[in-house]
Protein chains: 2
Amino acid sequence: MMQRPLILVTNDDGILAKGIKSLVKVAKKFGDVVVVAPNKPQSGQGHAITIVDPIRIHKVDVFEGVDAFECTGTPADCVKLAKNVLLKDRKIDLCISGINHGSNASINIIYSGTMSAAREASLSGIPSIGFSLLNFDHDADFSGASWASEQIISKVLDTKNSDIKLLNVNIPDLKTAEIKGIKVCTQGEGNWVEDFQESKDPREQRYYWLAGRFEASTDDPRSDLNALKDGYVSVVPCIQDLTDHAKIDEINYLAQ
Amino acid sequence: MMQRPLILVTNDDGILAKGIKSLVKVAKKFGDVVVVAPNKPQSGQGHAITIVDPIRIHKVDVFEGVDAFECTGTPADCVKLAKNVLLKDRKIDLCISGINHGSNASINIIYSGTMSAAREASLSGIPSIGFSLLNFDHDADFSGASWASEQIISKVLDTKNSDIKLLNVNIPDLKTAEIKGIKVCTQGEGNWVEDFQESKDPREQRYYWLAGRFEASTDDPRSDLNALKDGYVSVVPCIQDLTDHAKIDEINYLAQ
């Protein structure tokens, strides 16, 4: 009998978030599922790893019929522990991260713990996907996102299509029937227009609190931002090589 | 009289690290320097940002004749606060981050708080450079790294060369006279072969502690890893668009 694929599920909103519950439910249809996820929300953790402190993991009973571990570390730590300790004796066939509460389209990928967990897995050659829903609410409706993740996981696990390294999938905040389809996209250009709330704490000490809004800077029809605006699920294939190859000759004046 | 350029200096090893002291000393030769740096070491923080907590900053007297602020946030937070609060009324001409105690060559760029601070600045159009020395010691010798950073900052500030977005500069652990020169490179391929130290704490609770060694996976003569091995300073120009453009058509079977 063929062994079912081993699917590692993680996230950055913490093991009790609604989004990971949806993703585990989908993953169980396709394979043996193991969850290793942070024991607390880790949004905006980027690709942080824990170096100067020890990490602890505890087996928890959160998802029916699924081995699950809560971890004191970052999303990337969770994947490192899964690869090197918990699942070291069996090949991980797929790593899925999310479903994140909130967009990781455009430049948000660099701040995203969800995507960093997926990237960490992909660095070891594990096909990896980060899923994010464009709704920040704790109690968001994940039905459309569940449908989209099922479609994509099914196609990625098809053995004919084993060329997946790292995908950034974002899902519009729509009911399944309202989603127009799935589009393969480029990373849209945009940035945060930021502001800090400045105030004083109960002891009269000044503090700053990050605030702001995201602004798209182009209207490229191939971009994830445009696909999402039009009601499509966006899928961006991602690289690990951050070299700006086009610039290498141009800045050769720096060499000597 | 021409205004001197405004140079923002930050790091991830904390405002008291030896590396940032070296970098401030170099920066003062070229412009008006403002330091905003974490109040504690933040190695391996990646592009983490602080969303759910307030951030505090305090003016400190650490560098002679230089406005300096310690910040309770991450390296990326420091840059966001500098851009949006502390220096909002004056254009930042250059952001330099480091000099990091330890390599950020190859894939280490994704874990690096040093590079994330520089990337954060570059997202706002500020030419930005992360500098790292291949020596982890608190008391490393930064003389070669100071020489290299001075060479590169001088060329980048030359107004004829205003095309710099984000550079990842790594410096071999050599005396100035032993450094062979500066090379513009690609990001070398490699990864961490990891292991976790597994042990029990004084209360008999199990913990894991990240350990491992970096391994280069190719011997590409154009790579930063090779340049550093040969005694050169490596300069890798970096992108913000993480799209794997070559894969877009290839994975179009995911769309529907």
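The exercises below, each with a worked solution, concern a predicted model.

**Exercise 1. Relation of the two chains**

Determine which rotation and what shift superpose chain B on chain A, and name the relation.

Solution. Two copies of a chain are related by a rotation about an axis and a shift along it. Step one is the rotation, which is 180° for chain B onto chain A. Step two is the shift along the axis, which comes to 0.0 Å, with an RMSD of 0.0 Å. This is therefore the relation of a two-fold axis. Step three turns to the surfaces: 100% of the contact residues of chain B recur in chain A, and the same surface serves both copies.

**Exercise 2. The interface seen from chain B**

State how many residues of each chain are in contact, which elements of chain B supply them, and how the residues of chain B divide by type.

Solution. Begin with the count: 65 residues of chain B are in contact with 65 residues of chain A. Next come the elements. On the side of chain B that touches chain A, at least two residues each are supplied by helices H2 (75–86), H3 (113–122) and H4, and by strands E8 (181–184), E9 (190–200), E10 (206–216) and E11 (232–237). Last, the residues on this side of chain B divide into 34 nonpolar, 19 polar and 12 charged.

**Exercise 3. Two helix pairs**

Describe the packing of H1 with H4 in chain B, and that of H2 with H3 in chain A.

Solution. Two packed helices are described by the angle between their axes and the distance between the axes.

*H1(B) and H4(B).* Helix H1 covers residues 18–27 of chain B and helix H4 residues 143–157; their axes come within 10 Å and cross at roughly 40°. Angles under 35 degrees would count as roughly parallel, so H1(B) is oblique to H4(B). Their crossing is right-handed. From H1(B), the contact uses B:Ser22, B:Leu23, B:Lys25 and B:Val26, and from H4(B) it uses B:Ala145, B:Ser146, B:Ser149, B:Glu150 and B:Ile153. By type, these contact residues are four nonpolar, three polar and two charged.

*H2(A) and H3(A).* The axes of helix H2 (residues 75–86) of chain A and H3(A) are 7 Å apart, and the packing angle is about 25°. The two helices are therefore roughly parallel to each other. The crossing of H2(A) and H3(A) is right-handed. H2(A) brings A:Pro75, A:Ala76, A:Cys78, A:Val79 and A:Lys80 to the contact, while H3(A) brings A:Gly113, A:Thr114, A:Ser116, A:Ala117, A:Glu120 and A:Ala121. These divide into six nonpolar, three polar and two charged.

**Exercise 4. Backbone particulars**

A:Ser106 is not a glycine, yet its phi is positive, about 55°.

**Exercise 5. H1(A) and A:Leu6**

Find which residues of H1(A) are buried and what covers them, then describe the surroundings of A:Leu6.

Solution. Helix H1 (residues 18–27) of chain A is mostly covered, with seven of its 10 residues buried. These are A:Gly19, A:Ile20, A:Ser22, A:Leu23, A:Val24, A:Val26 and A:Ala27. Their cover includes strands E1 (6–10), E2 (32–38), E5 and E6 (128–133) and helix H4 (143–157) of chain A.

A:Leu6 lies in strand E1 of chain A. Its C-alpha atom is 9.6 Å from that of A:Ala27, 21 residues apart along the chain. With 17 other C-beta atoms within 10 Å, A:Leu6 is partly exposed. Leaving aside residues up to four places away in sequence, A:Leu6 touches A:Gly31, A:Asp32, A:Leu87, A:Arg90, A:Lys91, A:Ile92 and A:Asp93.

Conventions: Residues are numbered from 1 along each chain as its sequence is written. Chains are lettered from A and ligands numbered from 1 in the order in which they are written. This is a predicted model: local features need pLDDT of at least 70, side-chain atom pairs count only at pLDDT 80 or more; totals for chains, interfaces and linings use all residues. Copies are superposed by least squares on the C-alpha atoms of residues with pLDDT of at least 70 in both. Two residues are in contact if their C-beta atoms, placed from the backbone, lie within 7 Å. Axes are lines fitted to C-alpha atoms, for helices over the stretch in contact, and angles run from 0 to 180 degrees between N-to-C directions. Helices (H or I, at least four residues) and strands (E, at least two) are DSSP runs, numbered from the N terminus. Angles under 35 degrees count as roughly parallel, over 145 as roughly antiparallel, 65 to 115 as roughly perpendicular and the rest as oblique. A crossing is left-handed if the near helix is turned anticlockwise from the far one by less than a right angle, and right-handed if clockwise. Ala, Val, Leu, Ile, Met, Phe, Trp, Tyr, Cys and Pro count as nonpolar, Asp, Glu, Lys and Arg as charged, and the others, Gly among them, as polar. A residue is buried if 20 or more other C-beta atoms lie within 10 Å of its own, exposed if 12 or fewer, and partly exposed in between; C-beta atoms are placed from the backbone.
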